[in-house]
Amino acid sequence: MSKIEDEKSEENERGHVATGVTPCFDKDWVLRSNSPEQINHCICLICKQIANNPVEINCAQHENMDEALIVGENCLKQFLSNNNNACPVEPHDGCQYYKAKAVQKHISELNVICQRQFKQDLKTTGRNEEGQTVEDVTAICHFNGKIKDMSYHLNTTCGLKLSNCWFKEFGCSHSCFEIELKQHLIRNMRDHFELVIKKFELMQQIIQQQQKEISKINNDENKNEDYNNYELLKSKFNQHSAINFDILLSSLKLPKTFNGHTHTVYSIDYTLDNGQFLCSSSGDNTVRVWDMKTSKQIQLFNGHSSSVYCAKFSPYHYNNHNRNVICSSSLDKTIRVWDIKDNQQLQIFNGNSNVVCGIDISPFNGGRYLCSGSDNNIRLWDIETSKSLHVFKGHKNTVWCVEFSSLQSKKNNSNKNNSVGVIGGNGYTICSGSGDNTICIWDIETTKQSTIFKGHKNWIRSLKYGSNGLGNSEDQTTILSGSSDKSVRLWDIRSAQQIQLFKGHTQTVWAVQYSPFAVDNIEFGDSSNVICSGSEDNTIRFWDVRSNKKELYVIKADNQEDNGISCLKFISLKMKGKNNNKTNNDYDVHLCYGSRRDSDKNFLVDLFYLQFSIFLVFFLRIQVTWIDQYKQDLFLKNVVDIISFAFLFLHLKTKTNTIKFLCSFK
């Protein structure tokens, strides 16, 4: 039971005032400070105590009665429940009543003493939980106020409120009256610090164990484990297909890790133009840029004032200005554009009234247009002017993810004069996923909603356009989606129907991707019948779109390192020494994911532990001379605050968030 639940239980057992529907008030307690004449018209007909939340019975059968028929709300509800809704005044059905506001106001203004003090005064013999007789109990509460103020008093200022020891988190289970807590802390100071030392020793053991595990990961023997994992992956896929996976998985490399973020990594993107760069956005309010060859962070943008949900490289700036630029969206209601080389903000898109979640950049017109999900709407922006061109309205909750389609017929991709509709988007659409559990497709040319998909039972967290994996890869005929309902679903755009449902994840599916390979051929390209999904359950699962049976393969992240998969990205890196003809031998395909992960901060933790242990030993050996009561109290409080901060510091410093190359397919 939690601390809050303990306190609530204690209050109910003692008959204290609480919010909501509660039992009537003790009449003897109220009479301690009031005359009988003041309360005679407030007596509950059922329990004969002072009515709490009084209601007046006004059935037609009792119209001739002179006195007001007052009952406590809780008493009346219990009576009706136990007596088939029969009236408590006279047995009949259909009891009628209403809240007696005037009586409630009168009762609320009655003066009373503290309820705890009243119950303590009633004791004449026996011992309390500390083994003291009643005469030994020195705690007294001097409250004398109105009933309406009693609940606040009991929860905050009452001197008879039981308080837990400040060292409860370290193992001390003592509780006592608040005014007696200081003496307990003084008498048991040495015991408390022994508990603290034991806690630190336990932490040191945990840290040492983690160090051993990290060393094991870096050991050459781990390569053999990775090879075994590769063999297992290959055998799993071969159960479903006759393909020789040696062609696809000729080498399984050790993962690369990009450390630096201090909160969840929400998105990953990459560019192969003028270098091989990776960008990431995070709940730590930053956008970071990484060199994929060295795994080093080369740039940091911290201009957002809140979590950054999405970051994308801008092809428009590279095509027109030969600059590597990133667009990012944030909880701070803005979209910002960053120049990597000059480390500066180039543009800011304002106009959103709420958080901006997912963004995507158009595959047409050189990437000039950007769409974003915010509020219940999708906005279309001109990157060149930073202006909003159109708002697509129709969702009933926040739009979490958006994506542009590729042109329905790739033959039109070369048509640079495709200038119809709002932005010249003939044949293009935008797909959006929302907290209203629906997926919508919007026609850019007509600015109308063309299709809506219903089936998910919770928020849509990720979606992707794709082909059906069985036909022409140039036509995008399907949508892949992941949801907080733990499912992955495949939808047919032409029929607006769900065609596959994939179940296996046990928590929210944050990311879905079409893989760059298929199990029935070895040709890399846009057509794929293998999909993958990443979930908060810390797994990445591979599925065959032609079957909704059990997943093809499950990659389980390290529970000691990763606390959920937050985003996925397949990255194709061109191999050196090859010609420009695109074949399956020209590219290394990497699966990259973002997560929250324990970090190797052992030096920092060990150093901090050593310094703090020295402080504790020194403290236990010195003689403390109390100057006055104020300084004594202040010293005790500061010591506990320092220790509490120390543990919070250790917890925060041993957590970081990473981007990892999980595996690569050559």
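How many salt bridges does a search of the whole structure find? The search finds 17 salt bridges, a salt bridge being a side-chain nitrogen of Lys or Arg within 4 Å of a carboxyl oxygen of Asp or Glu. The model is predicted, with local features needing pLDDT of at least 70 and side-chain atom pairs counting only at pLDDT 80 or more, whereas totals for chains, interfaces and linings use all residues. Residues are numbered from 1 along each chain as its sequence is written, and side-chain values use heavy atoms, with hydrogens and water left out.

View 1. Leaving aside residues up to four places away in sequence, S566 touches T264, V265, Y266, W510, G594 and S595, where contact means heavy atoms within 4.5 Å. The side chain of S566 reaches the backbone oxygen of V265 at 2.4 Å, and a polar atom of that side chain lies 2.8 Å from the backbone oxygen of G594.

**View 2. The largest cavity.** Two cavities of 30 Å³ or more are found in the whole structure. A cavity is a set of points, on a 1 Å grid over the protein atoms alone, where a 1.4 Å probe fits but cannot get out; lining residues have an atom within 4 Å of a point. Grid points are joined across faces, edges and corners, and a volume is the space filled by probe spheres set on the points. The largest cavity holds about 500 Å³ of space. Of its 27 lining residues, Y266, S267, C310, R461 and W510 lie nearest its centre. Strands that each supply at least two residues of this lining include β9 (265-271), β29 (509-514) and β33.

**View 3. The salt bridge of E403 and K464.** The side chains of E403 and K464 meet at 3.2 Å, N to O. E403 lies in strand β21 and K464 in strand β25, so the pair ties together parts that are 61 residues apart in sequence. Both E403 and K464 are buried.

**View 4. Salt bridges of D284 with R288 and of D332 with R336.** In the pair of D284 and R288, the closest N and O atoms are 3.4 Å apart. D284 is buried at 15% relative accessible area, and R288 is buried at 10%. The side chains of D332 and R336 meet at 3.7 Å, N to O.

Definitions and conventions. Polar contact = N/O pair within 3.5 Å; in protein donor to acceptor, adjacent residues only side chain to side chain. 1 Å grid on protein atoms, 1.4 Å probe; cavity = no way out; pocket = protein on both sides within 12 Å on 5 of 7 lines; lining within 4 Å. Helix = DSSP H or I, 4+ residues; strand = E, 2+ residues; numbered from the N terminus. Buried < 20%, exposed > 50% of the residue type's maximum accessible area, 1.4 Å probe, protein only.
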